[in-house]
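Reader: Could you walk me through this one while I have it open? I'd like to go through a helix and then some ring contacts.

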Amino acid sequence: MSTVRLTTAQALVRFLAAQYTERDGERRRLIAATWGIFGHGNVAGIGQALVEQATRPGDPGPMPFHQGRNEQAMVHAAVGYARQSRRLSAHAVTTSIGPGATNLVTGAALATINRLPVLLLPGDTFATRPADPVLQQLQLPWAGDVSVNDCLRPVSVYFDRITRPEALVPAALEAVRTLADPAATGAVTLALPQDVQAEAYDWPEEFFAERTWRVRRPRPDAAELDAAVRAVRSAERPLVVAGGGVRHSGAEDALRTFAERAGLPVATTQAGKGVLPYDHPCDVGGVGHTGTDTAAALARTADLVIGVGTRYTDFTTASGTLFPGGARFLNLNITGFDAHKQAAMPLVADAREGLTALTGALGDHRRDTTRWAAAGRDWQERVDAAYAVPDEDARPTQTQVLGALDTLVDGSDILINAAGSLPGDLHGLWRPRSADQYHVEYGYSCMGYEIPAAIGVLLAAPGRPVWALVGDGTYLMNPTEIVTAVQERLPLRLVVLQNHGYASIGGLSEAVGAERYGTDYRYRDADGGFTGPPLPVDLGANAASLGMRVLRPRTVRDLREALGEARAATVPTCVYVETETPDTVSGPPPAPAWWDVPVAETSTRPSAVKAREEYDRHVTARRRHL
């Protein structure tokens with residue numbers, strides 16, 4: 001067997017450069033690029049290996065590299081890329097040991113929760129232990145083999161520490177197998193001790209041969225399919241709940257055909273919104289706490305809930321209060337774990353294959369659609385009311401900002417958001433024009449996701465207008481990758497809504513009796529509270545200092561012009577908007593379903609006592625579906 005002598009890091013980078021996925025005849029490089037911030041724990045290993053691969057002639061070619069500014073943000077960028085790539089291509093992220101590695105944990109959790117692939121390559125402390133402790137080493141008196149990287153174990157779908165060069169071979173193969181498995185993917189971590197990274201070994205040349213990992217589309221079991229068909233045929237009030245699995249599978253056409261032929265209403269989760277165009281007659285909008293009245297009314301009377309690629313989070317089920325006690329569940333999901341949720345009839349299969357099989361087996365079975373079609377039109381009228389602008393020269397509300405965008409975009413635009421009140425407004429109000437226009441990360445709802453994720457999406461979808469929508473609280477969490485957008489000359493379009501604090505949590509705080517304490521960005525008052533004047537924070541100046549072009553609209557009229565200018569921009573551009581508190585004319589409709597946030601069971605504060613009474617009223621409607 002012929003061998004080639006390389007360091008462990010050189011071998012890993014060369015191996016990764018030769019890995020591919022294939023689905024439906026589409027072949028993609030599995031690890032399309034590596035993000036990195038270098039420190040003593042990875043600069044001489046992975047850092048040097050990336051230099052070697054960047055200048056290496058012939059196959060498998062170079063490994064592109066992106067310079068990050070924050071470790072968590074690098075993972076977010078990689079996740080944005082993977083989602084836009086329908087999980088067929090991913091990025092790797094390398095960091096030093098210590099704080100660089102632990103900064104990966106939030107991003108890893110987000111990736112795993114959302115079932116999106118990312119490869120994490122944190123440096124680790126010396127395997128040979130030439131000195132104890134080395135810089136940034138965690139020492140525990142009861143475990144000599146634990147490092148801070150073990151924090152990544154519970155948020156990774158696969159974890160290994162490479163303490164010998166030869167251990168890389170099985171670990172690397174298992175890592176890429178997991179990344180390419182649609183039923184098992186998420187954050188994959190290979191912890192790399194810094195001495196092992198630089199250690200040379202004679203590697204079998206076969207290790208570096210091109211490998212194509214076929215992304216499987218498992219078809220449904222015949223018995224499960226028969227049970228599913230019987231359930232759909234016997235249902236009087238069925239409702240489809242479409243989640244992110246529809247998008248990952250590329251099953252939008254199959255869902256449309258299934259819904260049209262069977263005459264089924266389709267409600268969407270945050271991850272699934274957009275799988276049908278907003279004006280499709282089967283689309284009834286978002287489902288759950290942040291959804292539409294139409295979808296909520298159908299959910300409350302459904303006798304069969306057909307979940308397709310959904311995890312049934314508490315927002316989707318309104319914390320277990322949305323669906324009636326007698327409802328049955330049929331779950332089509334590629335992951336058996338998710339297919340069995342809600343004590344459902346499972347249909348374990350790829351979303352596209354499962355929907356196609358269901359459609360064929362149902363034949364000419366069809367339900368009457370008239371009972372919900374008119375309600376969908378009524379909701380669009382409520383959207384128009386929320387977007388309405390009585391005065392073009394007034395300061396815009398948040399929903400008016402969305403309305404201005406609504407008049408500007410087409411199917412090529414992509415909107416990215418993750419946290420605050422925007423996910424609720426977007427889920428209920430946004431009118432998606434294409435299957436991938438709506439990109440709201442609500443599995444982890446991670447503040448700071450939007451800007452780096454937009455960079456990942458821009459890398460995956462060059463030439464398309466990509467918008468990151470953030471409130472001021474979210475912006476302050478993680479603006480650093482603006483520098484990366486500037487460096488890469490990526491025309492990121494950033495809309496920052498200045499509302500002087502954590503407005504979303506402020507509203508929730510008021511609702512649960514916490515009286516908005518500690519949620520506004522204000523000076524302290526004489527009693528030590530936070531009720532003084534708003535802080536003189538200028539986030540537009542901050543964005544400009546990082547290299548962005550900044551537009552400052554004052555009115556709705558100015559806003560329309562600024563958004564149009566940003567959409568046409570070829571450089572990173574920020575639209576910085578001071579928003580107005582919404583009124584009854586131009587604010588979002590109230591939530592159509594409950595969300596469980598426990599309220600103090602006893603309190604001396606009247607607001608908390610009142611909030612607890614409201615909580616006790618709602619919680620009685622919670623049920624388990626068995």
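Author: Gladly, and keep in mind that this is a predicted model.

Reader: Which residues of α10 are buried?

Author: In α10, which spans residues 252-262, the buried ones are Glu 252, Ala 254, Leu 255, Phe 258, Ala 259 and Ala 262. Viewed down the helix axis, these buried residues fall within an arc of 165°, so they line one face of α10.

Reader: Why would residues three or four places apart point the same way?

Author: An α-helix has 3.6 residues a turn, so residues at that spacing point the same way.

Reader: And what is exposed on the other side of α10?

Author: On that other side, Asp 253 and Arg 261 are exposed.

Reader: Which residue follows the helix?

Author: Gly 263 follows α10, and its phi is positive, near 65°.

Reader: Switching to rings, how many aromatic pairs are there?

Author: Counting rings whose centres lie within 6.5 Å, there are 12 aromatic pairs. One of them is formed by Tyr 312 and Phe 329, an edge-to-face pair at 5.7 Å centre to centre with 85° between the planes. This pair links distant parts of the chain, with Tyr 312 in the loop between β15 and α12 (314-317) and Phe 329 in strand β16 (residues 328-333), 17 residues apart.

Reader: What about Tyr 502 and Tyr 521, how are their rings arranged?

Author: Their centres are 5.2 Å apart and their planes lie at 75°, so Tyr 502 and Tyr 521 make an edge-to-face pair. Tyr 502 is partly exposed, with a relative accessible area of 29%, whereas Tyr 521 counts as buried at 14%.

Reader: Which residues form an aromatic cluster?

Author: Phe 15, Tyr 201, Trp 203, Phe 207 and Phe 208 form one aromatic cluster.

Reader: And what sits over the ring of Phe 208?

Author: The charged end of Arg 14 does, 5.6 Å from the ring centre. Elsewhere, the charged end of Arg 433 sits over the ring of Trp 430, 5.9 Å from its centre.

How values were computed
Residues are numbered from 1 along each chain as its sequence is written. This is a predicted model: local features need pLDDT of at least 70, side-chain atom pairs count only at pLDDT 80 or more; totals for chains, interfaces and linings use all residues. Side-chain values use heavy atoms; hydrogens and water are left out. Buried means under 20% relative accessible area, exposed over 50%, partly exposed in between (1.4 Å probe, protein chains only). Helices (H or I, at least four residues) and strands (E, at least two) are DSSP runs, numbered from the N terminus. The arc is that of the directions from the helix axis to the C-beta atoms. Rings of Phe, Tyr and Trp (its six-membered ring) pair if their centres lie within 6.5 Å; planes under 30 degrees apart count as stacked, over 60 as edge-to-face and the rest as tilted. A charge sits over a ring if NZ of Lys or CZ of Arg is within 6 Å of the ring centre and within 35 degrees of the ring normal.
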